[in-house]
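Please read these notes with the model open beside you.

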Amino acid sequence: MGNRASGEGPPHGSRVGSSGVKFTAAAVQSGQKVMKYGGSIVDGESSQGQIPRLLDIVLYLCEKEHVEGGMIFQLLEDLTEMSTMRNCEDVFGYIESKQDILGKPELFARGKLVMLRTCNQLLRRLSKANDVVFCGRIIMFLAHFFPLSERSAVNIKGVFNTSNETKYETEAPEGISIDFNFYRTLWSLQEHFCNPPSLINAPGKWHKFTSSLTVVLNTFEAQPLSDEEGNAHNLEDDAATFNIKYLTSSKLMGLELKDPSFRRHVLVQCLILFDYLKVWCTSEKRANENVPNVASAGVLPGEAAPGKSEKELPSESMVGIAFAKEEIKTSEQRVKKLLEMTPPKGIDFLHSIEHILERERNWVWWKRDGCPPFEKQPVEKKLVQDGTKKRRPRWRLGNKELSQLWRWADQYPNALTDTQRVCTPAITDYWKPLAEDMDESAGIEAEYHHKNNRVYCWKGLRFSMRQDLEDFPDLNMVLRGSASWALPTEVRARYQAKPSERTKRTKKEETTQRNKQKIRLHATNSSITKSPLHNSELLHSTLRKMAAYAAMKPCQPVGSSHRADSQD
Amino acid sequence: MEVRFWWCGYFISIRVGVSGTGKWLSRSVVGDGFVGEGFGSRRDAKWLVESALVPLRFFQERCEEEFLWESEMIKIKAADLKSKEVRVNTRLLYQQTKFNLLREESEGYAKLVTLLCQIPEGSTQNASAATVGIIKSLIGHFDLDPNRVFDIVLECFERQPCNSIFLDLIPIFPKSHASQILGFKFQYYQRLEVNDPVPSEIYQLTALLVKRDFIDVDSIYAHLLPKEEDAFDHYNAFSAKRLDEANKIGRINLAATGKDLMDEEKQGDVTVDLYAALDMETEAVAERSSELESSQPLGLLMGFLEVDDWYHARVLFDRLSHLNPAEHVQICDGLFRTLAREGQSISLRAFSPRAILNLFSCTWDQSRSLVFRVRKLDDFIYTKCVPIYNQIPTHASATLGGLSEKLQNLDNYHGGRW
């Protein structure tokens with residue numbers, strides 16, 4: 001009731017849904033597999049069925065945000081709900097194959113709850129005995145689909161899997177050769193293994209457990225395994241016969257006692273249980289020293305001081321706990337000894353188990369602290385520090401521009417030989433914008449002047465050099481500062497040599513004065529003609545006059561004129 | 001709401017609804033009506049239950065909470081029942097059943113651990129496929145948390161790094177989780193209550209996983225402490241202190257009067273003699289060596305050298321060059337080992353000049369032997385190295401002058417040219 005409130009699709013969504021229902025119903029009627037229904041069969045190879053196609057379409061639309069993103073999840077849930085388990089396997093296969101798309105943040109946010117619900121319902125329908133692989137697939141999918149720190153998946157309360165019951169025969173069957181009492185004792189241990197807190201809360205159970213354990217350990221010790229029995233072990237054979245759940249038939253008892261793996265399973269369970277109890281004992285001591293109780297309801301009595309256990313352990317006080325601790329210690333020693341003796345490579349095996357139990361502490365503490373997320377994202381800026389990736393790209397022709405030009409030439413062989421392109425603009429046309437800048441009436445602000453554009457100036461000077469060398473030095477003056485690199489090297493060197501403070505100032509004054517004059521000159525010209533800018537002849541004459549003005553003074557390179565200035 | 005059910009061969013349909021004044025019940029009985037006309041209240045519903053005509057459970061399953069409460073079919077208030085329902089729903093539908101501590105599902109984990117710890121080396125392809133199958137089944141049957149299973153797979157791989165079967169097991173788990181789970185192991189050793197350094201096996205495991213491309217360096221690097229900036233700051237302070245102490249060597253306080261000289265308490269004026277200088281040097285070296293234990297990035301660098309991953313070792317050498325990683329004897333030895341093993345295949349040319357210089361900040365004896373090795377490897381690098389080599393004093397720490405010169409050189413390398 002109410003669990004379907006979220007994610008009801010918009011009107012067009014329900015239409016898609018209903019056609020899905022139609023397909024499913026038709027598939028069921030025709031007796032075909034749901035996910036295969038409607039697929040054409042060519043040469044025995046069936047193409048995609050109609051429902052996967054429909055799902056693909058909806059998935060695409062969801063991804064592109066044409067329909068509400070949750071719809072694909074809703075559809076998948078409906079589909080699994082109305083399919084048989086056999087069909088669900090195909091549907092789930094489809095989900096797995098689209099995992100990357102479904103996991104995209106925008107879709108994930110819309111559908112994570114629906115997906116969780118779908119998977120949980122599926123798991124509930126599956127049998128823990130027959131469909132273990134499918135169960136495993138679903139659980140692994142969930143682990144992959146959700147982030148590592150997903151709260152719903154961490155079992156934050158530390159609940160024990162008490163539903164894992166191990167049933168065994170209670171009546172001795174007729175004509176059996178094994179010791180039936182031992183059989184019952186051995187399997188009765190499992191009920192404690194799957195619910196360790198029960199041992200703490202009920203002292204009677206603890207005594208029962210220790211006495212049973214002693215019997216089992218005695219038997220194991222009395223029947224040590226030989227090396228041959230240990231070496232008979234082969235992984236591939238194992239896989240074929242590997243039983244997920246313990247087999248408790250009394251007929252198998254004799255075989256199981258000779259199986260080193262079986263023995264290890266039970267002994268490792270003992271160590272895991274002791275690991276839990278040991279921590280509990282030490283923390284119980286702390287609890288008696290009036291450490292405030294932190295853990296709630298004693299779900300995880302270890303690590304933090306337990307709450308309930310104090311009350312529920314009426315007969316045992318400190319003495320009882322110390323006694324239990326001693327018992328645990330001796331049993332642990334025996335179990336370890338047995339593991340060491342069990343071939344193959346018993347000592348190695350024991351060390352590995354100890355190693356894993358040791359590392360378990362990290363997770364126990366993590367759970368004690370309330371399962372804080374531990375993911376850390378890599379720092380982005382670090383990514384480029386890699387030596388080889390950082391290296392600057394090499395250009396075929398020195399730099400990027402030239403290389404690009406070269407590539408263009410390859411691609412458009414005619415571009416460079418086109419007669420319309422191979423031409424030099426007339427110098428007068430070229431300088432027009434510059435003259436425009438200098439027209440005060442146009443009021444162009446200094447920062448937008450063309451002389452600031454170094455490429456423009458450079459090109460212009462190159463043109464002037466070829467077409468009109470006469471004006472060159474003067475132009476150079478106009479463009480001063482931006483065009484010094486067009487000068488011959490030794491002149492440039494002198495120009496760039498640092499003048500003293502005083503020279504700098506005089507140079508500046510002189511320049512401004514000269515510019516003013518020039519502009520005045522230009523202004524008189526523009527007053528004669530209304531639109532000098534469109535008259536290239538006039539511009540040319542302007543430039544000439546500028547050159548003539550420059551010629552009144554001895555035509556010197558810029559640097560030397562400075563020196564003359566600084567001398568007076 | 002309509003309540004329908006089969007009862008004693010009759011199909012019964014009861015309508016329950018809300019009218020303006022309160023709850024009422026109407027019914028239509030299909031078949032031979034055994035309930036008289038005209039009943040229409042919660043009292044009648046109660047009567048139905050009391051006379052055992054309709055089981056209570058049928059009503060509880062089908063009716064609204066308010067109705068149930070008013071007809072006294074439930075013990076707790078309607079609102080409480082509703083919230084309880086929501087809780088149960090959440091638990092059933094929105095909570096995953098997964099066990100991530102060994103103790104929570106000891107049978108499942110015991111079997112998993114046993115399986116992983118007794119895989120013989122040199123297993124075939126079939127064996128790894130079979131193992132994958134078993135792992136999935138164990139997860140499915142015992143509701144083991146796949147992330148924890150992955151963690152245990154990594155633990156077992158750490159124990160048997162040469163067993164290639166693990167390389168087939170790792171890809172069945174999500175790649176994005178690998179570095180996080182591994183990083184979580186490093187975080188354990190960063191806890192205040194844990195005093196042990198990270199075991200070198202973890203570094204090697206990490207290096208191996210990076211080498212095999214299961215995780216990338218940056219994603220695991222984010223978990224390591226100390227962070228680069230902190231380590232660099234610490235190192236700067238450390239070398240400044242050393243330099244400061246070295247400068248005090250042989251300094252004489254001319255302004256000191258006789259009384260001052262007699263006063264042993266005045267530490268500032270006491271000049272450091274040769275033996276004190278040597279002690280200082282040993283102390284400094286010892287202090288540095290503790291850095292190797294506490295610095296996880298340096299540990300990882302060692303791991304890379306250990307598993308012969310020259311490419312990633314170089315990446316870390318470059319990143320950590322400010323710390324002079326090669327100054328640590330262990331790292332330097334690892335470097336020599338790698339050089340000796342890889343021989344020509346290592347392109348020292350690809351080493352940045354800074355990193356080459358870095359190699360020379362190891363102990364002087366070692367650097368000298370390194371230079372000779374390099375000469376055998378690569379003339380080009382040798383020519384680069386010789387000028388630096390010439391600056392290395394032959395018997396550096398033997399004399400006072402040597403010591404200060406050495407420190408001076410160190411300073412030059414750090415401040416001046418680097």
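1. Basis. This is a predicted model, in which local features need pLDDT of at least 70, side-chain atom pairs count only at pLDDT 80 or more, and totals for chains, interfaces and linings use all residues. Residues are numbered from 1 along each chain as its sequence is written, chains are lettered from A and ligands numbered from 1 in the order in which they are written, and side-chain values use heavy atoms, with hydrogens and water left out.

2. Chain A overall. Chain A has 25 helices and 2 strands. Both are DSSP runs numbered from the N terminus: helices are H or I with at least four residues, strands E with at least two. Of its 568 residues, 43% count as buried. Buried means under 20% relative accessible area, exposed over 50%, and partly exposed in between (1.4 Å probe, protein chains only). The accessible surface of chain A is about 31,700 Å², and carbon and sulfur atoms hold 54% of that. Those areas come from the Shrake-Rupley method with a 1.4 Å probe; for residues, only the protein chains shown count as cover.

3. The interface in numbers. Here 77 residues of chain B are in contact with 83 residues of chain A; contact means heavy atoms within 4.5 Å. The area buried between the chains is about 7,900 Å², with 59% from carbon and sulfur atoms. Buried area is the accessible area (1.4 Å probe) that two parts lose on being put together, summed over both.

4. Polar links and the chain B side. Chains B and A share 37 residue pairs in polar contact, both at pLDDT 80 or more. A polar contact is a pair of N or O atoms within 3.5 Å; within protein, one must be able to donate a hydrogen and the other to accept it, and residues adjacent in sequence count only if both atoms are side-chain atoms. Helices of chain B that each supply at least two residues to the side touching chain A include H4 (78–93), H6 (125–142) and H16 (310–319). H6(B) gives the most, with 12 residues.

5. Salt bridges across the interface. The count between chain B and chain A is 9 salt bridges. A salt bridge is a side-chain nitrogen of Lys or Arg within 4 Å of a carboxyl oxygen of Asp or Glu. A:Asp369 meets B:Arg191 at 3.2 Å, N to O. B:Arg191 also pairs with B:Glu193 at 3.5 Å, and B:Glu193 is partly exposed at 45%. B:Arg103 meets A:Asp275 at 3.9 Å. B:Arg103 lies in the loop between H4 and H5 of chain B and A:Asp275 in H14 (residues 260–288) of chain A, so the pair joins two chains. B:Arg103 is buried at 2%, and A:Asp275 is buried at 17%.

6. H11 and H16 of chain B. B:Asp218 and B:Arg319 form a salt bridge at 2.8 Å, N to O. B:Asp218 lies in H11 and B:Arg319 in H16, so the pair ties together parts 101 residues apart in sequence. Both residues are buried. In H16(B), 8 of the 10 residues are buried, so this helix is largely enclosed by the rest of the structure.

7. B:Ser219. This residue sits in H11 of chain B and is buried at 11% relative accessibility. A polar atom of the B:Ser219 side chain lies 2.9 Å from the backbone oxygen of B:Asp216. Not counting residues up to four places away in sequence, B:Ser219 touches A:Lys376, A:Pro378 and B:Ser179.
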